[in-house]
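Here is a friendly walk through the fold, with a few local details picked out along the way. Please keep the viewer open as you read.

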Amino acid sequence: MIEKLKKIFNEEQFNPRILGIFINPFYFARKGLYKNISELAKNLNGRILDVGCGQKPYEKLFDYKEYIGIEIDTPENRKNKKADYFYDGKVIPFPNDSFDCVITTEVLEHVFYPNEFLKEINRVTKMGGFLLITVPFVWDEHEQPFDYARYTSFGLKHLLNISGFEIIEHRKSNNGIELIFQLLNSYIYKVIRNRNKNTFVNLLIMLLPMASINILGLILSLILPKNNDLYLDNIILAKKVKNV
């Protein structure tokens, strides 16, 4: 029973549904990411590399022959991540043109040298292969001290172009009033978490305000207009068009 509850809880963290309104302090951010990734996933197939894969929360969305996840080689990552390979964060341990497609979600902001990172992704991706990348625009500092940057849509276009990729589709997730409510929940959660390290206790404390904030954000997001200049995440589908 406990294992089943843990599984449900973990699923709601990355693919929040109705239950996620009550137990996920990042409800809007994770819902937006999952929705957009699931809609763009149909473009990726064959042999797929997930760079910075974490728990591989989006693996089941793809139709693939092989799905390989890699992570930075640290004791914590070896213990907590579902990666198939671990590497030094610089050289991806595969030959040129090894993969049909690559996915990397919420990783680029943790990369100090983005040009080198994207150049390595280009190297291991076959010509014409797709890259699906998500990057936050408005978000708090996280995974400190390894949080180095935020990217506008224009900055990402430039980075991808000089790295040999052409943007096919660029989406801006949570570009409505729900962004404000997401930031409010994130603020409350972080304040509570900094005072108490027990995740379960934190969620119990947040249960009422979190649900109220999420529900109000949902209602107002259906009424109020969007603002494409203010949003939580960039979700980009790009194609490799040249070697760099």
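This is a predicted model: local features need pLDDT of at least 70, side-chain atom pairs count only at pLDDT 80 or more; totals for chains, interfaces and linings use all residues.

On the helix 5 side, the contact is made by Pro 114, Asn 115 and Leu 118, while helix 6 brings Leu 159, Leu 160 and Ile 162. Sorted by class, the residues of this contact are five nonpolar, one polar and no charged.

A second pair is worth a look. Helix 3 (residues 27-40) and helix 7 (residues 178-195) have axes that come within 8 Å and cross at roughly 125°, so helix 3 and helix 7 are oblique to each other as well. Here Tyr 27, Phe 28 and Ala 29 of helix 3 meet Glu 178, Phe 181 and Gln 182 of helix 7. The contact of helix 3 with helix 7 has four nonpolar, one polar and one charged residues.

Seven of them form an open sheet in the order 3-2-1-4-5-7-6, and the pairing is mixed. Which strands stand at the edges? They are strand 3 (85-87) and strand 6; each has a single partner strand, so one side of each is left without a neighbour in the sheet. From one strand to the next, the twist averages 20°.

For an example of parallel pairing, take strand 1 (residues 45-51) and strand 4 (residues 99-105), which are joined by three bridges. Asp 50 stands opposite Ile 103 of strand 4.

## Strand 7 and its neighbours

Is strand 7 (residues 233-240) largely enclosed or largely open? Seven of its eight residues are buried, so strand 7 is largely enclosed by the rest of the structure. Strand 5 (residues 125-136) runs antiparallel to strand 7 and is joined to it by seven bridges; Leu 132 has Leu 237 of strand 7 as its bridge partner. Strand 6 (residues 165-173) is also antiparallel to strand 7, with eight bridges between them.

Helix 3 lies across strand 4, strand 5, strand 6 and strand 7, and runs at about 140° to strand 6. Helix 6 packs on the sheet as well, touching strand 5, strand 6 and strand 7, and its direction makes about 160° with that of strand 6.

## Two residues up close

Lys 172 sits in strand 6. With a relative accessible area of 24%, Lys 172 is partly exposed, because the partly exposed class begins where the buried one, under 20%, ends. Setting aside residues up to four places away in sequence, Lys 172 touches Ser 153, Asn 228, Tyr 231 and Asp 233. The C-alpha atoms of Lys 172 and Ile 236 are separated by 8.8 Å, with the two residues 64 residues apart along the chain.

Asn 77 belongs to helix 4 (residues 75-80). Is Asn 77 buried or exposed? Its relative accessible area is 11%, so Asn 77 is buried. Beyond its neighbours within four places in sequence, Asn 77 is in contact with Glu 71, Ile 72 and Phe 86.

## Backbone details in the loops

A cis peptide bond, with omega about 5°, joins Gln 144 and Pro 145. Pro 145 lies in the loop between strand 5 and helix 6.

Glu 106 is not a glycine, although it has a positive phi of about 55°. Glu 106 is placed in the loop between strand 4 and helix 5, and at 22% relative accessibility it counts as partly exposed. Asn 174, another residue other than glycine, has a positive phi near 60°. Asn 174 is found in the loop between strand 6 and helix 7, and its 10% relative accessibility means that Asn 174 counts as buried.

Methods
Residues are numbered from 1 along each chain as its sequence is written. Side-chain values use heavy atoms; hydrogens and water are left out. Contact means heavy atoms within 4.5 Å. Helices (H or I, at least four residues) and strands (E, at least two) are DSSP runs, numbered from the N terminus. Ala, Val, Leu, Ile, Met, Phe, Trp, Tyr, Cys and Pro count as nonpolar, Asp, Glu, Lys and Arg as charged, and the others, Gly among them, as polar. Buried means under 20% relative accessible area, exposed over 50%, partly exposed in between (1.4 Å probe, protein chains only). Two strands pair if DSSP finds at least two bridges between them. Axes are lines fitted to C-alpha atoms, for helices over the stretch in contact, and angles run from 0 to 180 degrees between N-to-C directions. Angles under 35 degrees count as roughly parallel, over 145 as roughly antiparallel, 65 to 115 as roughly perpendicular and the rest as oblique.
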